[in-house]
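Here is my notebook from a first look around. Come along and follow each entry with the structure open.

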Amino acid sequence: MPDALHDWITLRQDAVVRVAGLISLALVGYMALVFGRFLVYWAGSRHAFRHNRPAEPGDPAAFQWHLVVPCRDEEAVVTQTLDGLRASAPEAHLWVIDDDSEDATRELVLAAAARDPHVHLVRRRHPHARIGKGAALNAAYREISAWLPGDTDRSRVVIGVVDADGRLDPGTLARVGNDKALGRPDAGAVQIGVRMRNAGSPTPPSASPGRRPPPARTATAWRRPGSPR
């Protein structure tokens, strides 16, 4: 070590020790802060978990359910989707939006509607069709609103959106209608979980070339008519 540097350190040894001590205290304080924040987060999460347990299932019969299914060229899956929704949500009306399909989607839905009065077809044609999913959903919303009798209690009407290749888990309506979801009078909309059942898998052999694979998703959003859009 050069003599000049050695002499400088020797002369300022006390100052160097004080600076090193301050740096050490700062590091210890920072570590304590980080650990303290972790403890607060852990305690808050534990409290929320203990005091915010899942609500008991609601009564689906307390609501009138309408499931909207936007479709465009979905002949490969629409019949299977309708059958699945009818099995998992027998209380619901199913509103299939045919967004100017060029395949047999419309005919398949009409055949299902002829067998089941809870199945409805919302027809959209050029130039008003194929202008976005939002426009299609708004068209279905208007048809449902016009279809409802004038004395309907719309606070008990629930509209859900399901993909054309989607399914509902059993008991979905009861969970959506529980006291912590749409069972609350101030709740205007509910988002449920979505999972991909065949994510990461190659296209199933049952899917024909050029056709979409079998259903892979669950339903998404639920809302009451008149709630903020």
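Where does Asp-100 lie? I found Asp-100 in the loop between β2 and α4. I kept in mind that this is a predicted model.

Leaving out residues up to four places away in sequence, I saw Asp-100 touch Arg-124, Arg-125, His-126, Ala-129 and Arg-130.

Then I turned to helix α3, residues 78-88. I noted Val-78, Thr-81, Leu-82, Leu-85 and Ser-88 as buried there. They sit on the same side of α3, because they cover an arc of only 140 degrees around the axis. I recalled that an α-helix has 3.6 residues a turn, so residues three or four places apart point the same way. The buried residues of α3 pack against β1, β2, α4, β3 and β5.

For the surface, I looked at Tyr-30, which is in helix α2, residues 13-51. Tyr-30 is exposed, at a relative accessible area of 54%. Together with Met-31, Leu-33 and Val-34, Tyr-30 makes a nonpolar surface patch of about 450 Å².

Last, I checked confidence. The protein has a mean pLDDT of 83, and 78% of its residues reach 70 or more. Confidence is highest in strand β2, at a mean of 97, and lowest in strand β7, at 38. Over residues 204-220, pLDDT stays under 50. My reminder to myself: where pLDDT is low, the predicted coordinates should not be read in detail.

Note on methods: Residues are numbered from 1 along each chain as its sequence is written. This is a predicted model: local features need pLDDT of at least 70, side-chain atom pairs count only at pLDDT 80 or more; totals for chains, interfaces and linings use all residues. Side-chain values use heavy atoms; hydrogens and water are left out. pLDDT is the predictor's confidence in each residue, from 0 to 100. Helices (H or I, at least four residues) and strands (E, at least two) are DSSP runs, numbered from the N terminus. Contact means heavy atoms within 4.5 Å. Buried means under 20% relative accessible area, exposed over 50%, partly exposed in between (1.4 Å probe, protein chains only). The arc is that of the directions from the helix axis to the C-beta atoms. Patches are made of residues with over 30% relative accessible area and no salt bridge: like charges are joined within 9 Å, nonpolar side chains (Val, Leu, Ile, Met, Phe, Trp, Tyr) within 5 Å. Accessible areas come from the Shrake-Rupley method with a 1.4 Å probe; for residues, only the protein chains shown count as cover. A salt bridge is a side-chain nitrogen of Lys or Arg within 4 Å of a carboxyl oxygen of Asp or Glu.
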